[in-house]
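Here are my notes on the model you asked about. Please read them with the structure open.

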Amino acid sequence: MLSDSEHKMSVVVLFGGMSSEHEVSRVSAGTFVDNLDRARYEVLTVGITREGRWLCTEATSAQMADGSWEELPGNMPCVISPDRADHGMILFTPSGQVEKLHVDVVIPSLHGLWGEDGTVQGLLELAGIPYVGCGVLASAVCMDKAVANALFEANGVPHTRWLAADRWEIESDLEGVCEGVEKKLGWPVFVKPANAGSSVGISKVSSRDELKKAIDLALENDRKVVFEAFVDGQEVECAVIGSDPAVATRPGEILAGAEFYTYDDKYKNGVSQTVIPAHLPEAKLDEVKTYAAMAYTALNCEGLARCDFFVEKNTGRVLINEINTFPGFTAISMYPKLMEHEGTPVPALIDHLIELALERTEKQHG
């Protein structure tokens with residue numbers, strides 16, 4: 001991909017962000033920073049604070065992970081310019097000068113809202129800068145559980161029974177919404193904000209009173225609430241890469257410490273354990289893998305995504321839970337582990353993701 005032996009590709013790694021998954025993003029981005037081949041790439045890191053400030057920083061992955069990057073004296077305010085003539089970043093230097101930097105590709109290592117939901121992808125589309133991962137539509141659709149569920153259904157990807165309600169609907173007829181949930185889904189029920197990203201604002205409830213409290217909690221995180229029937233199933237996850245065709249791995253599973261896989265389990269406590277491939281019969285592993293590629297393609301995903309499923313314990317039914325369009329890249333994350341298990345270690349995986357980003361832009365713009 002290098003135009004000549006001297007030229008290094010300029011790669012910007014975006015990290016942090018304003019979502020509830022800010023901390024995980026910092027750790028994921030460190031994986032990219034530590035594994036990008038410096039002989040091939042000129043790496044720039046841009047941190048987005050919880051308040052939404054953009055700072056170009058020379059932080060190490062450790063400083064990114066522990067949050068101390070924000071205090072580094074060399075940090076410079078910056079923006080990615082939507083002006084295609086700039087094709088890159090604008091830095092505001094301490095001397096008051098404005099400096100433009102050409103950027104070849106962006107790795108938006110951001111999880112959750114304002115990062116994994118199509119917003120940053122839209123900015124990069126305007127700028128004409130290639131970026132790793134899903135485009136605007138897939139990012140936005142996968143972030144909204146109600147829209148994603150409707151599209152899974154429309155495309156024949158089996159999903160647990162579900163309902164959704166808007167804030168106005170809930171406020172005008174709370175009892176009616178609760179009755180609908182009880183009738184269609186039974187107990188227990190998972191109550192989720194439609195757009196919160198990770199396992200934030202999610203409750204598992206078994207009564208009308210608990211349901212009302214859970215709805216209040218979900219509405220603190222979003223104006224739309226999704227209700228899903230409980231599935232007594234094994235939670236398994238597939239990594240998918242590319243498009244035309246999308247290639248899925250066989251699934252791995254996480255043996256969680258808590259009753260359901262909470263945000264703290266996932267990222268902080270390290271109590272969960274990864275098993276690859278998942279403890280399932282061969283035919284079932286292949287069935288999940290087939291549905292992963294099907295779901296990914298149905299929702300227009302490109303680059304990479306992690307598809308999460310339940311395999312129901314008594315029936316063996318495979319049900320999709322959700323798609324993560326920028327899955328975690330931490331040391332305990334399933335996506336890089338699954339790819340490694342298939343023979344692609346992280347440095348080669350990153351090279352491949354960058355190649356896919358450049359190929360997509362070439363196809364779009366000829």
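1. Terms and source. Contact here means heavy atoms within 4.5 Å. Helices (H or I, at least four residues) and strands (E, at least two) are DSSP runs, numbered from the N terminus. Axes are lines fitted to C-alpha atoms, for helices over the stretch in contact, and angles run from 0 to 180 degrees between N-to-C directions. This is a predicted model: local features need pLDDT of at least 70, side-chain atom pairs count only at pLDDT 80 or more, and totals for chains, interfaces and linings use all residues. Residues are numbered from 1 along each chain as its sequence is written, and side-chain values use heavy atoms, with hydrogens and water left out.

2. The four-stranded sheet. The strand order is β8-β11-β9-β10, in an open sheet with antiparallel pairing. Two strands pair if DSSP finds at least two bridges between them. β8 (162–166) and β10 (203–205) are the edge strands; each has a single partner, so one side of each lacks a neighbour in the sheet. From one strand to the next, the twist averages 25 degrees.

3. Inside that sheet. β9 (residues 189–193) and β11 (residues 224–229) run antiparallel and are joined by five bridges. Valine 191 has phenylalanine 227 of β11 as its bridge partner.

4. Helices on the sheet. α5 (residues 145–154) lies across β8, β9 and β11, at about 50 degrees to β11. α8 (residues 208–221) lies across β9, β10 and β11, at about 20 degrees to β9.

5. Helix α3. Which residues of α3 (residues 119–127) are buried? They are Val120, Gln121, Leu124 and Ala127. Buried means under 20% relative accessible area, exposed over 50%, and partly exposed in between (1.4 Å probe, protein chains only). The four cover an arc of only 120 degrees around the axis, so they sit on the same side of α3. That arc is taken from the directions from the helix axis to the C-beta atoms. An α-helix has 3.6 residues a turn, so residues three or four places apart point the same way. The cover over the buried residues of α3 includes β1 (9–16), β4 (76–80), β7 (105–108) and α4 (136–143). Just after α3, glycine 128 has a positive phi of about 70 degrees.

6. Strands β1 and β7. These two pair in the parallel sense, over four bridges. Valine 13 stands opposite isoleucine 107 in β7. In a regular strand the side chains alternate between the two faces of the sheet. In β7, Val105 and Ile107 point one way, Val106 and Pro108 the other, and all are buried.

7. Helix α1. α1 (residues 22–35) has 14 residues and reaches 21 Å from first C-alpha to last, close to the 20 Å expected. The expected span is 1.5 Å times one less than the number of residues. α1 is mostly covered, with ten of its 14 residues buried. Among them are His22, Arg26 and Phe32.

8. Cysteines. Cysteine 78 is buried, at 3% relative accessible area. Cysteine 178 is buried too, at 0%.

9. A loop residue. Threonine 93 lies in the loop between β5 (88–92) and β6 (98–102). Threonine 93 is buried, with a relative accessible area of 14%. Not counting residues up to four places away in sequence, threonine 93 touches Met76 and Glu99.
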